[in-house]
Structure formats: structure tokens, C-alpha cells
Amino acid sequence: MTTVLVVAGPESTRRRASHEGAGSGASPSSRTPPVILVGLRDEFKALASEGVDVVVRQTDDEATLISWLHEAASAGWGVVVNPAAYTHYSYALRDAAAVVTAAGLPLIEVHRSNPVRDEHRPASVLSAAATGVIAGLGLDSYRFAVRAAADRVTARAVPATAQA
Ligand SMILES: O=C1C[C@@](O)(C(=O)O)C[C@@H](O)[C@@H]1O
């Protein structure tokens with residue numbers, strides 16, 4: 001089974017604190033599911049039928065985000081990360097992203113909006129450590145990123161001889 005971990009950083013609402021839910025259809029473990037999980041539930045179910053497990057997590061806590069990226073690197077999971085406001089200043093998160101890509105795993109940075117449009121949030125300190133960046137497409141940013149990460153982890157799992 002290929003696993004893609006979708007992690008989202010601080011949300012601009014006070015709707016929930018730390019949360020984890022399984023994207024492939026399992027019941028969320030607590031309270032309100034992340035918006036990503038609700039909006040892409042059918043998509044994640046389709047991926048599950050292809051052997052791709054999508055795990056969705058959200059937290060406001062930087063240290064937790066870092067530990068999840070380290071977990072993904074150890075477990076061999078692809079990562080889709082929306083670092084939210086941490087995008088613009090967390091070198092700690094950037095270093096954790098680099099741990100994932102240095103392990104040969106895809107890490108796709110996503111944003112629902114296009115942050116470069118905001119003069120107060122001009123740059124991402126994570127992008128250089130990411131495999132790719134998708135921004136400005138709303139929920140589609142996640143949709144395309146999960147597919148890209150899944151394809152890359154799956155390709156990585158297939159031995160070179162089988163691909164020839
Ligand atoms: O918190 C956020 C949300 C965001 O990551 C997005 O998904 O559009 C874009 C960031 O610039 C901003 O700080």
C-alpha cells in the first residue's frame with residue numbers, strides 16, 4: 001500500500017485544535033473533519049481502490065508538523081503539506097521538508113490561495129526544499145498534489161526492472 005500524508009498547518013478559524021482523520025473513508029478520530037477531508041472524500045476513496053492510502057492531519061502546532069514530516073520520511077510516505085503561515089518563516093519546517101525529499105520521497109507544498117499575491121507574504125521558505133509547489137487552485141491544489149505525490153511514491157516502490 002502506498003501512503004500519502006496530507007498535513008495542514010494553522011487554520012484561520014478557531015474551529016478545532018489538533019485533528020487526524022483517515023482520508024480513505026475511515027471515520028475521523030475526533031470532532032470536525034478537516035475541510036480537505038470532506039471536500040476530497042470521494043477522490044481519496046477512489047485512490048484507496050488503487051492502493052493509495054491518504055491520511056489527512058491538521059494542527060496549529062509547528063513541532064507537531066515537524067514530527068509528522070519526520071514520521072513520513074521514516075515510513076516512506078509521500079507528503080502534501082500546506083504550511084499555512086509557517087510557509088513564510090519556518091526554517092524548522094523547511095528542514096523537516098528537506099528530510100523527506102532527501103529520503104527520495106515526494107513532498108508537494110500546496111496553498112489554496114496564491115500567496116505571492118499578498119505583498120505581506122511574498123516568499124515561501126519551504127519551496128526550495130519541496131519537490132513541487134501548487135498554489136492558487138483552492139481544493140484543486142490538494143487534488144493535484146495528492147495525485148502527484150501518489151504517482152511518485154508508487155513509481156518509487158516499483159523496482160527499476162519492472163518499469164523497463
Ligand atoms: O495561512 C495561509 C494559507 C495559505 O497557505 C493557503 O493555503 O492559501 C497561504 C499562506 O500564505 C497563508 O499564510
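The legends below describe close-up views of a predicted model. Local features need pLDDT of at least 70 and side-chain atom pairs count only at pLDDT 80 or more, while totals for chains, interfaces and linings use all residues. Residues are numbered from 1 along each chain as its sequence is written, and side-chain values use heavy atoms, with hydrogens and water left out.

**View 1. Helix H3 and its buried face.** H3 covers residues 62–75, where helices (H or I, at least four residues) and strands (E, at least two) are DSSP runs numbered from the N terminus. Leu-65, Ile-66, Trp-68, Leu-69, Ala-72 and Ala-73 of H3 are buried, a term that means under 20% relative accessible area with a 1.4 Å probe, protein chains only. Seen down the axis of H3, the buried residues fall within an arc of 160° (taken from the directions from the axis to the C-beta atoms), so they line one face of the helix. After H3 comes Gly-76, whose phi is positive, near 80°.

**View 2. Strand S3 and its partner S1.** In S3 (residues 52–58), 7 of the 7 residues are buried, so the strand is largely enclosed by the rest of the structure. Strand S1 (residues 2–8) pairs with S3 in the parallel sense over 7 bridges, pairing being counted if DSSP finds at least two bridges between two strands. Val-54 in S3 is the bridge partner of Val-4.

**View 3. Polar atoms around the ligand.** A side-chain N or O atom of Asn-82 is 2.8 Å from an oxygen atom of the ligand, and a polar side-chain atom of His-111 also lies 2.8 Å from a ligand oxygen atom. For Arg-112, a polar backbone atom is 2.8 Å from an oxygen atom of the ligand.

Technical notes
The expected span of a helix is 1.5 Å times one less than its number of residues. Buried means under 20% relative accessible area, exposed over 50%, partly exposed in between (1.4 Å probe, protein chains only). A polar contact is a pair of N or O atoms within 3.5 Å; within protein, one must be able to donate a hydrogen and the other to accept it, and residues adjacent in sequence count only if both atoms are side-chain atoms.
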